[in-house]
Amino acid sequence: MNTSSMSTCDIKIWRTWALAITHEAGAYTEQKFNAEKTGGEPVVPSPNLDTDLVMACDRLADVLIKAYKNPIKMQIDIARYSKLISPKNTGHNEEKEEKLLERCPPGHEGTKLVDKPATIIDVSGTIIIWYLPDTLTETTQKEIRAATDLLGPSLEKSVKADGNWRYNQEWFKQGSENVGSTPGCINLSLAWFQQGHENLSDPEVSASLKGPSSKNILKAIARPAAIALAALRVMHPQQYFAGLRALSHLGDKALSKELPQMPETLQYWASVFNSLSIISNWETPNHQDHLSIPECFDILTTVGNYSNARMSMPSLQLEFRYDSGCMIAFSGRIVRHGFDGGEGDRIAWAWYMRDSVHIYAGVPSCGWAMVEGRILTTV
């Protein structure tokens with residue numbers, strides 16, 4: 001590994017890592033967002049960023065500003081609500097969820113549809129959701145489709161005849177006229193603990209990244225990774241730097257402990273998120289994701305040739321229009337959510353951070369994202 005590195009405060013990033021470039025994309029997006037928010041001088045992108053990436057970041061910053069200027073306030077206290085949810089809660093128990101809704105009502109009657117860029121804010125000023133429709137450029141959407149097609153064999157193998165609902169064939173459907181993306185759900189991670197072995201052993205590179213195509217896969221997901229990373233830099237800066245710090249520490253551990261394939265994977269891993277779920281032509285019941293960190297955002301993006309899709313969040317009595325090119329960020333661990341696939345062919349990518357990786361890397365919790373006046377902060 002090239003010993004040349006760049007530092008961000010106490011965080012070391014190797015210049016040979018793909019993350020070094022996407023980190024610059026995040027900084028550019030944050031600067032552009034702040035300039036547009038305050039009426040500052042135009043921001044000049046780094047020469048290390050190619051034209052397509054700059055255009056993607058420009059689109060992202062524009063939609064982030066629109067969402068920031070359209071806060072939707074709710075009466076729920078999300079931090080208190082989170083304390084009522086068991087670590088193993090799946091969100092499938094309708095009777096239990098109805099009692100939770102009665103105890104922590106969102107403050108409005110009936111289900112509201114959100115179809116314009118918005119932030120959903122709780123009673124304390126915590127940002128629960130960033131909703132960014134029409135955020136992904138056509139180039140980024142094409143790259144997501146191409147990368148997903150590259151993973152077709154793994155997606156096909158993931159679907160089972162029975163067992164866990166996440167992989168059960170009854171929740172998957174073939175795309176339009178059997179020519180769409182291969183149905184399935186797989187996880188990519190540079191540091192994956194086997195179930196029940198969190199922090200009892202060293203993490204491993206996930207199975208989907210252990211084959212001969214791993215380098216091509218990582219390169220294929222790099223630009224979409226950069227866009228999700230750049231969004232997080234604005235949405236929740238402390239989570240962003242917690243993720244960055246975790247990868248920096250993980251790089252040191254991977255070398256000192258000679259963890260198989262991890263140093264090589266880190267060279268091409270372009271995100272501060274440590275895990276990515278790639279989901280194709282899948283409908284989901286209302287649920288919660290127990291692997292996510294309560295205070296952290298998961299970032300979901302969706303692309304495809306489909307119509308009439310909705311993301312539902314019944315615990316907040318909200319629905320979101322979920323068209324191709326949409327990005328939405330929320331805590332999948334706390335906010336119960338589900339997806340009605342509509343009609344057509346659809347791919348969703350879900351970026352998230354596993355707390356077990358942060359614990360292994362010695363990175364503390366980052367707190368909730370807050371909005372105070374016109375400044376994004378955390379508590």
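Predicted model: local features only at pLDDT ≥ 70, side-chain atom pairs only at ≥ 80, totals over all residues.

Q: Okay. With those cut-offs, is E258 buried or exposed?

A: E258 is exposed, because its relative accessibility is 68% and exposed means over 50%.

Q: Where does E258 sit?

A: E258 is in the loop between α9 (237-256) and α10 (262-268).

Q: What about the phi of E258?

A: The phi of E258 is positive, about 55°, although E258 is not a glycine.

Q: Why is that worth a remark?

A: Most residues other than glycine have a negative phi.

Q: Which residue in the turn between β11 and β12 has a positive phi?

A: That is Q317, at about 55°. Q317 is not a glycine either.

Q: Is Q317 buried or exposed?

A: Q317 is buried, because its relative accessible area is 17% and buried means under 20%.

Q: What do β11 and β12 form?

A: They form a hairpin with four residues between the strands. β11 spans 310-313 and β12 spans 318-321.

Q: How many bridges, and parallel or antiparallel?

A: Four bridges, in the antiparallel sense. M313 stands opposite L318 in β12.

Q: Which other strand is joined to β11?

A: Strand β14, residues 337-340. Three bridges join β11 to β14, and the two run antiparallel. R310 stands opposite D340 in β14.

Q: How does the lining of the second largest pocket split by class?

A: Four residues are nonpolar, five are polar and five are charged.

Q: Staying with α4, is E102 buried or exposed?

A: E102, in helix α4, is exposed, because its relative accessibility is 65% and the cut-off for exposed is over 50%.

Q: How far apart are E102 and S315?

A: In space, 9.8 Å, C-alpha to C-alpha. In sequence, they are 213 residues apart.

Q: Now the closed spaces. How many cavities of 30 Å³ or more are there?

A: A search of the whole structure finds two. The largest cavity has a volume of about 80 Å³. Its lining has 13 residues, and the closest to the centre are I127, I128, F297, S331 and W368.

Q: What classes line the largest cavity?

A: The lining has 10 nonpolar, two polar and one charged residues.

Q: On to helices. How many residues of α8 are buried?

A: 14 of the 14, so α8 is largely enclosed by the rest of the structure.

Q: And what length does α8 reach?

A: α8 covers residues 222-235 and reaches 20 Å from its first C-alpha to its last. That is close to the 20 Å expected at 1.5 Å a residue.

Q: How about α1?

A: Helix α1 covers residues 18-38, which is 21 residues. α1 reaches 31 Å, close to the 30 Å expected.

Q: What follows α1?

A: G39 does, with a positive phi near 75°.

Q: Next, G152. Where is that residue found?

A: G152 is in helix α6, residues 152-158. G152 is buried, because its relative accessibility is 9% and buried means under 20%.

Q: How far is G152 from P183?

A: They are 8.2 Å apart in space, C-alpha to C-alpha, and 31 residues apart in sequence.

Q: Last one. What does the side chain of H287 make a polar contact with?

A: The side chain of D289, at 3.3 Å. H287 is in strand β9, residues 284-287.

Q: Is H287 buried or exposed?

A: H287 is buried, with a relative accessible area of 4%.

Methods
Residues numbered from 1 in each chain as written. Heavy atoms only, no water. Buried < 20%, exposed > 50% of the residue type's maximum accessible area, 1.4 Å probe, protein only. Polar contact = N/O pair within 3.5 Å; in protein donor to acceptor, adjacent residues only side chain to side chain. 1 Å grid on protein atoms, 1.4 Å probe; cavity = no way out; pocket = protein on both sides within 12 Å on 5 of 7 lines; lining within 4 Å. Points joined across faces, edges and corners; volume = space filled by probe spheres on them. Nonpolar A, V, L, I, M, F, W, Y, C, P; charged D, E, K, R; others polar. Pairing = 2+ DSSP bridges. Expected span 1.5 Å × (residues − 1).
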